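Subject: Handing over the structure

Hello,

Here is the structure I promised to pass on to you. Please have a look at it first, and then read on for what turned up in it.

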Amino acid sequence: MKKLIFWFTVTLLFAAIGHVSTLLYFQFNLQSAAIAKISGQKPQNTLDLVASVTAKSMFAPLVSPDISYGYCSYNISSNPLRVRIKLPPTYWSLAAYSQNGRNFYTINNQQIKTDKLEIVFALEQQEAQLEEGTTIVRPPTETGLFLFRTFVPNRSLSEVVQAQMQETSCTPL
């Protein structure tokens with residue numbers, strides 16, 4: 001009986017270690033792989049707008065067809081990156097991710113009440129060359145991705161939202 005309890009305990013311990021290891025592996029590696037896939041679709045520091053999600057334009061799994069997306073793979077190793085967005089009247093959010101998939105910055109329409117947003121992604125040593133009063137975000141890595149999402153509640157607002165998203169830019173300084 002003691003042998004049976006011993007082997008049961010050993011088996012349970014290895015199963016728990018395997019389970020936790022698998023969860024941690026997938027959590028970190030799937031996010032990094034998704035960012036690498038999205039980042040490889042366009043040159044760095046250029047914005048890509050996805051007006052309406054279809055099977056062909058789906059850049060990531062489980063994206064909503066009611067949301068218009070814009071994303072920019074960034075590299076700030078040599079220059080800071082300015083992100084300018086003309087904000088739509090509906091829900092919107094901007095999320096920035098480091099190279100390993102960690103979300104380090106998020107802002108949405110509940111936090112800012114203007115119709116324009118301008119943010120500069122810069123390394124600490126690049127801040128001296130920026131204008132005073134600039135909103136600066138310091139990413140934890142030199143490369144990563146920012147994702148801009150806008151809710152399009154009905155087709156009548158679709159053209160308005162798309163026109164405003166066309167004014168969005170991500171350009172090196």
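With which residue does E118 form a salt bridge, the closest N and O atoms being 2.9 Å apart? The partner is R84. Before going further with that pair, please keep in mind that this is a predicted model.

**The overall picture**

The protein has 173 residues, and 38% of them count as buried. Its secondary structure consists of 2 helices and 9 strands, which follow one another along the sequence as α-β-β-β-β-β-β-β-β-α-β. If you take the contacts between residues at least 6 apart in sequence, 70% of them join residues at least 24 apart. The accessible surface comes to about 10600 Å², and carbon and sulfur atoms account for 58% of that.

**A sheet around β3**

Four of the strands make up an open sheet with mixed pairing, in the order β7-β6-β3-β9. At its edges are β7 (136–137) and β9 (169–172), each of which pairs on one side only.

Strand β3 (residues 81–86) runs antiparallel to β6 (residues 116–121), and 6 bridges join the two. L81 has F121 as its bridge partner in β6, while K86 stands opposite K116. With β9, strand β3 pairs over 4 bridges, again in the antiparallel sense; here V83 is opposite C170. Of the 6 residues in β3, 5 are buried, so the strand is mostly covered.

**Salt bridges**

Side chains of opposite charge can pair when their charged atoms come close. A search of the whole structure finds 3 such salt bridges. One of them joins R82 to E118, with the closest N and O atoms 2.8 Å apart. Because R82 is in strand β3 and E118 in strand β6, this pair ties together parts that are 36 residues apart in sequence. R82 is buried, at a relative accessible area of 14%, whereas E118 counts as partly exposed, at 35%.

E118 also forms the salt bridge with R84 that I asked about above. That pair links strand β6 to strand β3 across 34 residues of sequence. R84 counts as partly exposed, at 40% relative accessibility.

The remaining pair is D115 and K86, whose closest N and O atoms are 3.7 Å apart. D115 is partly exposed, with a relative accessible area of 41%. Through shared partners, salt bridges join R82, R84 and E118 into one network.

**The disulfide**

The search also finds 1 disulfide. It joins C72 to C170, with an S to S distance of 2.0 Å. C72 belongs to strand β2 (residues 67–75) and C170 to strand β9, so the link spans distant parts of the chain, 98 residues apart. The link is right-handed, with 45 degrees about the S-S bond. Both C72 and C170 are buried.

**One more residue to look at**

Is N108 buried or exposed? N108, in strand β5 (residues 103–108), has a relative accessible area of 18%. Buried means under 20%, so N108 counts as buried. A polar atom of the N108 side chain lies 2.8 Å from the backbone nitrogen of Q110. Leaving aside residues up to four places away in sequence, N108 touches Y91, W92 and S93.

Enjoy exploring it!

Best wishes

Definitions and conventions
Residues numbered from 1 in each chain as written. Predicted model: local features only at pLDDT ≥ 70, side-chain atom pairs only at ≥ 80, totals over all residues. Heavy atoms only, no water. Pairing = 2+ DSSP bridges. Buried < 20%, exposed > 50% of the residue type's maximum accessible area, 1.4 Å probe, protein only. Polar contact = N/O pair within 3.5 Å; in protein donor to acceptor, adjacent residues only side chain to side chain. Contact = heavy atoms within 4.5 Å. Areas by Shrake-Rupley, 256 points an atom, 1.4 Å probe, with all protein chains shown as cover. Disulfide = S-S within 2.5 Å. Salt bridge = Lys/Arg side-chain N within 4 Å of Asp/Glu carboxyl O.
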